[in-house]
Amino acid sequence: MPDAVTSASTAADIDLLDAPCRSLAEAADAVGEAARYASGLAFGARLPAAALARGGRTRLGWRTLVRTLTDPAGLGWAPRGRGVARAGRLAGILAGRESLAVSIAVCGLKARIRAASAGRPELLDDPGAAAVLGAVGAGRQAEAVRLFRAIMRERGAEHAFSLLAPSFADILAWNALTDANPFNDHAGWQVATGRAETAEPVLGLGAAFWAFCDRGPGLPERPPTGPAPAGRTARRRVTQVPTRPAPRPPDGGLGGRAAALRTHAFRLHGVSAAPEWHGPEAEALRAEVARLATRCATAAGGFALAAAQLQGRAKGRGKGRGPGRLQDE
C-alpha cells in the first residue's frame with residue numbers, strides 16, 4: 001500500500017511539472033520569433049538605408065534595435081533569418097556567443113530530463129545512467145552525450161534507448177543547440193519547442209533524405225500504445241512536447257513582440273517560484289529561470305523603446321508612406 005501511494009504521488013508530481021516545462025518551451029519559441037522579426041528589420045534593406053540616409057529618430061530607433069539584438073543582458077546574440085542576419089548568427093555560433101532563445105530552450109530541456117528521471121529512481125542503480133544524469137545535473141551536456149554514446153557502444157542502442165528513454169532525445173537536442181555545429185540546430189530546436197522547422201540542406205541533400213536513410217537494425221521498437229498493464233500507474237511523458245503549428249505573430253510589429261515577451265517574462269517568473277520544483281538542483285533551476293525571465297523583460301523593454309522611437313519618426317512624417325512605418329510591416 002505505501003508503495004502504491006508513493007507511486008501515485010510521484011506520478012502526480014511529474015504531471016505538475018508539465019506546465020512549467022511547457023512554459024519554458026513556449027517562451028523560447030516566442031523569443032526566437034521576436035528575434036527573427038526584429039532581425040528582418042534591423043539587417044534588412046529599408047530601415048538601415050533610411051537610418052543612414054536620413055538620421056534623426058529613424059537612426060536612433062535602428063541603433064536601439066541593433067543593441068537589443070546583441071545585448072548580453074537581454075537577447076544575447078540574437079540575429080536570425082536570411083542574408084546579413086544569417087551570417088551574423090553563424091558568426092555568433094562559431095564565436096561561442098550565447099542566445100537567450102537557445103538558453104531558454106536548453107533550460108527547458110534540462111528541466112524535462114530532471115523531471116523524467118525523478119519519476120524513475122531505479123535509473124540511479126545503473127552506473128551508466130547515473131553518470132549521464134549526473135552530467136546533466138551539473139550542466140555538462142557534452143559529457144552527458146559522450147557517456148550516452150558510450151552506453152550505446154558497450155550495451156547497444158536498444159538498451160541505451162530503453163534505459164534513458166524518453167530523455168535521450170532531450171539530451172541530444174541539448175547538445176545540438178549548444179555545440180559549434182550550426183547545421184544541427186534545427187533538429188534540437190524542434191525537440192526543444194515541439195515545433196518543426198524546415199531543415200537546411202546539407203551537401204545538397206535535404207533532411208528528409210537523411211531521415212529516410214537513417215533506418216536499420218538496432219533501432220528500438222516503438223513503445224506500446226495500448227493501456228498500461230494492471231498494477232502500473234500510467235504517467236504522462238514530461239519530455240514529450242506535442243508538435244504544434246507556428247505561432248500566430250502578435251499584432252503591432254515591434255510593440256506587439258515586446259508585449260508578448262513581457263507576458264512570457266511574467267510566466268517565467270511564476271515558473272521560478274513554482275512549488276513543484278524540488279530536489280537537489282531545484283534552487284539552481286529556480287535561479288536560472290529567474291535570470292532568464294529578467295533577460296526576457298530586458299529584451300521586451302528594448303523592443304518597446306525601438307518601437308516608440310520609430311513610431312515617433314512615423315508621426316513626424318505622417319501616416320502615409322515612409323520608412324517610419326517599417327516597424328509595423
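**Whole chain**

Among contacts in the protein with a separation of 6 or more, 71% join residues 24 or more positions apart, a contact being heavy atoms within 4.5 Å. The model is predicted, and local features need pLDDT of at least 70, side-chain atom pairs count only at pLDDT 80 or more, and totals for chains, interfaces and linings use all residues. Residues are numbered from 1 along each chain as its sequence is written, and side-chain values use heavy atoms, with hydrogens and water left out.

Colour by secondary structure: there are 14 helices and 0 strands. Here helices (H or I, at least four residues) and strands (E, at least two) are DSSP runs, numbered from the N terminus. Of the 329 residues, 43% count as buried. Buried means under 20% relative accessible area, exposed over 50%, and partly exposed in between, with a 1.4 Å probe and protein chains only. The protein exposes about 17100 Å², of which carbon and sulfur atoms supply 58%; these areas come from the Shrake-Rupley method with a 1.4 Å probe, and for residues only the protein chains shown count as cover.

**Core: select Leu 65, Ile 104, Leu 254 and Phe 303**

These four have the most contacts inside the largest nonpolar core, which has 66 residues. A nonpolar core is a set of buried Ala, Val, Leu, Ile, Met, Phe, Trp, Tyr and Cys residues joined through side-chain atoms within 4.5 Å. In soluble globular proteins, nonpolar side chains tend to be buried together.

Centre on Phe 303. Neighbours within four places in sequence aside, Phe 303 is in contact with Ala 34, Ala 38, Leu 65, Thr 68, Leu 75, Leu 254, Arg 257, Ala 258 and Leu 261.

**Helix α4: select 56-69**

The 14 residues of α4 should span 20 Å at 1.5 Å a residue, and the end C-alpha atoms are 20 Å apart, which agrees. The expected span is 1.5 Å times one less than the number of residues. Show side chains for Thr 58, Gly 61, Trp 62, Thr 64, Leu 65, Thr 68 and Leu 69, which are buried. They lie on the same side of α4, because they cover an arc of only 160° around the axis; the arc is that of the directions from the helix axis to the C-beta atoms.

Now pick Thr 64, which is found in α4. At 3% relative accessibility, Thr 64 counts as buried. Its side chain makes a polar contact with the side chain of Arg 67 at 3.3 Å. A polar contact is a pair of N or O atoms within 3.5 Å; within protein, one must be able to donate a hydrogen and the other to accept it, and residues adjacent in sequence count only if both atoms are side-chain atoms. Not counting residues up to four places away in sequence, Thr 64 touches Gly 302, Leu 305, Ala 306 and Gln 309.

Val 84 is found in helix α5 (residues 84-94) and, at 53% relative accessibility, counts as exposed. Val 84 and Phe 43 are 41 residues apart in sequence and 6.0 Å apart in space, C-alpha to C-alpha.

Glu 98 is in the loop between α5 and α6 (100-118) and counts as partly exposed, at 31% relative accessibility. Which side chains make polar contacts with the side chain of Glu 98? One is that of Ser 103, at 2.3 Å; another is that of Arg 295, at 2.8 Å.

**Helices α8 and α9: select 141-155, then 157-164**

At 1.5 Å a residue, the 15 residues of α8 should span 21 Å, and the end C-alpha atoms are 21 Å apart, which agrees. The buried residues of α8 are Gln 141, Ala 144, Val 145, Leu 147, Phe 148, Ala 150 and Ile 151, and they pack against α7 (127-137), α9 (157-164) and α10 (167-178). Gly 156 follows α8, with a positive phi near 100°.

In α9, the buried residues are Ala 160, Phe 161, Leu 163 and Leu 164. They cover an arc of only 165° around the axis, so they sit on the same side of α9. They pack against α7, α8 and α10.

**Helix α14: select Glu 288**

Glu 288 is in helix α14 (residues 282-317). Is Glu 288 buried or exposed? At 17% relative accessibility, Glu 288 counts as buried. Residues up to four places away in sequence not counted, Glu 288 touches Cys 107 and Lys 110.
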